[in-house]
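Colleague: I would like to learn how to read the features of a two-chain model, one at a time. Please give the general idea where there is one, and then the case at hand.

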Amino acid sequence: MDSMIEVLKMIKKGLVVKLGKDYIIVMTNEGEYENIVLRERVTLGSKIMYTDKDVLINPTTTSYTTKYYRYAVAASIVLILLVSLFVRSAVLYQEQPPMEQTVATIIAVDINPSFQLMANPEDVIIQVRAMNKDAKTIDGESVIGLNIEEAIEQIVYLADEAHFINISDEDEDYILVTVVSAANGEAIIPEDEAIELDAETTQIKVAEIREKINSSAILNKVNFAVISATQKQLEEATQKAIPAGLYVAGVREEVTVKEYFSKEEKKEAFKTNGKVIDKEALKEALKEAKSTDNNASRSEEKPGQDKRQDKDKNQDKNKDKDQVQDKDKDQVQDKDKDQVQDKDKDQVQDKDKDQVQDQDKDQVQDKDKDQVQDQDKDQVQDQDKDKVQDQDKDKVQDQDKDQVQDQDKDQVQDQDKDQVQDQDKDQVQDQDKDQVQDQDKDQVQDQTQDEKNNGKQNNGNAKN
Amino acid sequence: MSKKLDSKIMQLKNTDNQEQMNQLIIDYQPFVLNVITELKKSYVDIDNDDEFSVGLMAFYEALEKYNEARGDFLSFARLVIDSRIKDYWAQQKSEASIEELERLSTYQDVEEEVLLRKEIEDFEKVLRLFGLSFEKLVASSPKHQDTRKRAKEIGLRASEEQDLMTHLYNKKRLPVTQISRRFQVSLVIIKRSKIMITSIMIIAKEKFGRIMEWIQ
């Protein structure tokens, strides 16, 4: 009768760490802790073999035959479900309020793997659908109970771990996020197309998600494309096995997200309805925000129009890599302090203007920036509150430099750098010293630059 | 279902498929262990698993002797295992004096056991300082094997970072954000495995070498 059930079990090895009144706690050699049935002659510290059959689900209930116990649990769950159908306000619910099960938002995440996440009105994921084969190889269920941005982060993380994408290489990976939202948290009923979806709610949701991408350590390592869709579009796209967001953008034949966004003209076409958030653009915004933030804390003001305009121009273009590198070089090599100061000061003075302009151009970008600023502020505060201004300045430069390095270097080495970002005081100061020395020797800088480039190439080769 | 197993075994016997036969024995190891555990009313000790070997041999014997006339295979196997284990115990009893002396652990073994027990007791005390208990560790153990592995890895790596350890011990709280940033791991994952990561870091910090050896 139980032949197949037995096969599914495994022999586990447990170290007895606690003898309860009617249960034993073991620590498996994988570091998992489990309650198992109490049996004779077991002592603390003995190493024993057991199977899932011995595992207790709930140790507070005395039971020696787990099998029957499990049936009892199963039966009571069925009972509870039946009862709750009729009596919604059952006492049980008071102890643990049930999660709202209405689907208010559907978020299609296409990386390949493709998932559809169903969120309730509180933006908590209550259901996950793996939309293709690749998605099924990932533990997508693990995002249930998370909120939307956490879930996206988790999926990106898992996709990276399963090598569908590589968040630490130079390659252009795109995460396509398509949002479908019902009006004012009303239910989306997939069978019923009569429900009018609220375009505005969807738009707000899209903006929220865009914002949150910036604040995540993982999500800002990949390119994002965010777009909203109607439910009808989502369904049609699903039927045709086309990523929903691309379907909205007019794609009708099968194409992967990566392929689509590798073409510059397609990317532009997508922007008419959606928003592309490049990791380069993000980093620039972050860098920008940092220096602006630093200046905001000081009160010196001097004009320097030209530079600012150059900078703005750069920023507005979501620049391609070469430009970024050029600028990086400038920043590294132009170590002349006055110049840097000028630049900083310019930003202070033009901050108001910037904001107005940004508003005109792109509200969302502005929002992103603000958020990045906040984040940065936190970081700076974390690092050190009492430092003198000069040091502050150095530090921000230092951070900028880190970023530059992040971009230039292969990010396998990133961990060390990130530690620098988490830096405690001493590290920062040491680095600053180094930096000053480096500044004295432009040539050394050049060499370093070359080395970096070489390193990048090598890494690239290694990957190939 | 069992009928299927019965006929499968007959087929394997008839075609003399050794490979699949071996696989079958491996698949049914938990079954053998369960039979012994129930008979013994106690768990089989890892360091003293002669009973398990006897049980596996009995299972093999059952496979050899089985034919459809004997009815359900698993019931038959259970009978054979029961009987062989009891034989083994009887034999043990008669040789008790010699066997026992041999088994009576050396001084070193006893010392090891005492030290391990001490580590476990100390571990529980330190856990309490952090507002944790073994019960809580049971409740929060990640179910997914990969998640567990990852949590263990993060815990071990974080143990090597002095500042993270200091933060954990001073504030009695895991520095989740810092760990997330430093190791480039999703915040969600760390939050979910918070307790497990904390426990691994405690084991490392307190130098519970015997427990550490067990989980590595």
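**Reading the features**

Modeller: Start with a loop: A:Ala241 sits between α7 (231–239) and α8 (244–248) of chain A. Keep in mind throughout that this is a predicted model.

Colleague: Which peptide bond is cis, with omega near 5°?

Modeller: The bond from A:Asn112 to A:Pro113. A:Pro113 is in the loop that links β5 (105–110) to β6 (114–119) in chain A.

Colleague: Now the sheet. How do strands pair in general?

Modeller: Strands of a sheet pair through backbone hydrogen bonds, and the pairing is either parallel or antiparallel. In this model an open sheet of five strands has the order β3(A)-β2(A)-β1(A)-β4(A)-β1(B), with antiparallel pairing. At its edges stand β3 (33–37) of chain A and β1 of chain B; each has a single partner strand, so one side of each is left without a neighbour in the sheet.

Colleague: How many bridges join β4 of chain A to β1 of chain B?

Modeller: Two, between residues 47–50 of chain A and residues 44–45 of chain B, the strands running antiparallel.

Colleague: How many residues does each chain bring to the contact?

Modeller: Chain A brings 61 residues and chain B brings 60. About 5,600 Å² is buried between the two chains, and carbon and sulfur atoms give 57% of that area. On the chain B side, B:Tyr43, B:Gln184 and B:Trp214 lose the most area to chain A, together 16% of what that side buries.

Colleague: What about charge and polar pairing across the interface?

Modeller: Side chains of opposite charge can pair when their charged atoms come close. The interface of chain B and chain A has five salt bridges by the rule. One pairs B:Glu124 with A:Lys18, at 3.3 Å from N to O. For polar contacts, the rule finds 16 residue pairs across the interface. Helix α3 (residues 29–40) of chain B gives the most to the side that touches chain A, with eight residues. By class, that side of chain B has 28 nonpolar, 20 charged and twelve polar residues.

Colleague: And how many salt bridges are there over all chains?

Modeller: The count over all chains is 20. Take B:Lys65 and B:Glu61 as a case: their closest N and O atoms are 2.7 Å apart. The two residues are four apart in helix α4 of chain B, so about one helical turn separates them.

Colleague: Last, what describes a pair of aromatic rings?

Modeller: The distance of the centres and the angle of the planes. The whole structure has twelve aromatic pairs over all chains. Among them, B:Tyr28 and B:Phe59 are stacked, 6.0 Å centre to centre with 15° between the planes. B:Tyr28 lies in the loop between α2 (18–27) and α3 of chain B, and B:Phe59 in helix α4 (residues 50–65) of chain B, so the pair ties together parts 31 residues apart in sequence.

Definitions and conventions
Residues are numbered from 1 along each chain as its sequence is written. Chains are lettered from A and ligands numbered from 1 in the order in which they are written. This is a predicted model: local features need pLDDT of at least 70, side-chain atom pairs count only at pLDDT 80 or more; totals for chains, interfaces and linings use all residues. Side-chain values use heavy atoms; hydrogens and water are left out. Contact means heavy atoms within 4.5 Å. Buried area is the accessible area (1.4 Å probe) that two parts lose on being put together, summed over both. A salt bridge is a side-chain nitrogen of Lys or Arg within 4 Å of a carboxyl oxygen of Asp or Glu. A polar contact is a pair of N or O atoms within 3.5 Å; within protein, one must be able to donate a hydrogen and the other to accept it, and residues adjacent in sequence count only if both atoms are side-chain atoms. Ala, Val, Leu, Ile, Met, Phe, Trp, Tyr, Cys and Pro count as nonpolar, Asp, Glu, Lys and Arg as charged, and the others, Gly among them, as polar. Two strands pair if DSSP finds at least two bridges between them. Rings of Phe, Tyr and Trp (its six-membered ring) pair if their centres lie within 6.5 Å; planes under 30 degrees apart count as stacked, over 60 as edge-to-face and the rest as tilted.
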